[in-house]
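Q: Can we walk through this one together? I'm new to reading structures.
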Amino acid sequence: MPSQAASPPKANQQHKTPDLRTENTRLRNENAALRKTSSCRRERIDYLEHERSSLQVANEGLQRDIATTNARLERRNKELEDQKKHWMKKVKDVEKEKEGLQKEIRRLQKMF
């Protein structure tokens with residue numbers, strides 16, 4: 001009797017074994033696919049982190065270039081403003097001289 005009692009579960013196990021093997025294979029394939037996906041994602045993350053780092057370095061360089069250029073432009077603007085003031089003063093001086101000469105001409109014309 002004990003052998004008969006053990007037989008039905010054995011038959012049942014044999015019946016389930018192909019399903020378990022199929023399921024095991026499916027799960028192994030799924031696991032391999034997930035590992036591959038995970039590996040690809042990790043590589044992509046590593047690549048993106050490297051790109052971000054490179055872009056940060058480039059950005060810092062550009063920020064320095066911008067600051068340098070802005071400082072140079074501000075100095076040049078100051079120089080041009082100073083030159084403008086200088087020439088505006090010259091224009092005023094010439095206009096005053098012109099007015100003085102016109103007065104002198106009118107005075108001399110009245111004399112003759």
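**A chat about the chain**

A: Let's start at one residue: lysine 89 is exposed, at a relative accessible area of 52%. Here buried means under 20% relative accessible area, exposed over 50%, and partly exposed in between (1.4 Å probe, protein chains only).

Q: Where do these values come from?
A: This is a predicted model; local features need pLDDT of at least 70, side-chain atom pairs count only at pLDDT 80 or more, and totals for chains, interfaces and linings use all residues. Residues are numbered from 1 along each chain as its sequence is written, and side-chain values use heavy atoms, with hydrogens and water left out.

Q: Ok, which residue forms a salt bridge with lysine 89?
A: Aspartate 93 does, with the closest N and O atoms 3.5 Å apart. A salt bridge here is a side-chain nitrogen of Lys or Arg within 4 Å of a carboxyl oxygen of Asp or Glu.

Q: Why are aspartate 93 and lysine 89 separated by about one helical turn?
A: Because they sit 4 residues apart in helix H1. Helices (H or I, at least four residues) and strands (E, at least two) are DSSP runs, numbered from the N terminus.

Q: Is aspartate 93 buried, partly exposed or exposed?
A: Aspartate 93 has 38% relative accessibility, so it counts as partly exposed.

Q: How many salt bridges does the structure hold?
A: It holds 8. One of them joins glutamate 23 to arginine 26, with the closest N and O atoms 2.6 Å apart. Side chains of opposite charge can pair when their charged atoms come close.

Q: How many residues apart are glutamate 23 and arginine 26?
A: They are 3 residues apart in helix H1, so about one helical turn separates them. Glutamate 23 is partly exposed at 34%. Arginine 26 is partly exposed too, at 40%.

Q: What about glutamate 79 and arginine 76?
A: Their side chains meet in a salt bridge, 3.1 Å from N to O. Both lie in helix H1, 3 residues apart, about one turn. Glutamate 79 is partly exposed at 43%, and arginine 76 is partly exposed at 40%.

Q: New topic. How many helices and strands are there?
A: The protein chain has 1 helix and 0 strands. Helix H1 covers residues 2–111.

Q: What share of the chain is buried?
A: Buried residues make up 1% of its 112 residues. The chain exposes about 10900 Å², and carbon and sulfur atoms supply 56% of that. Areas come from the Shrake-Rupley method with a 1.4 Å probe; for residues, only the protein chains shown count as cover.

Q: Which residues make the nonpolar surface patch?
A: Leu108, Met111 and Phe112, with about 390 Å². Patches use residues with over 30% relative accessible area and no salt bridge; like charges are joined within 9 Å, nonpolar side chains (Val, Leu, Ile, Met, Phe, Trp, Tyr) within 5 Å.

Q: And how accessible is leucine 108?
A: Leucine 108 is at 36% relative accessibility, so it counts as partly exposed.
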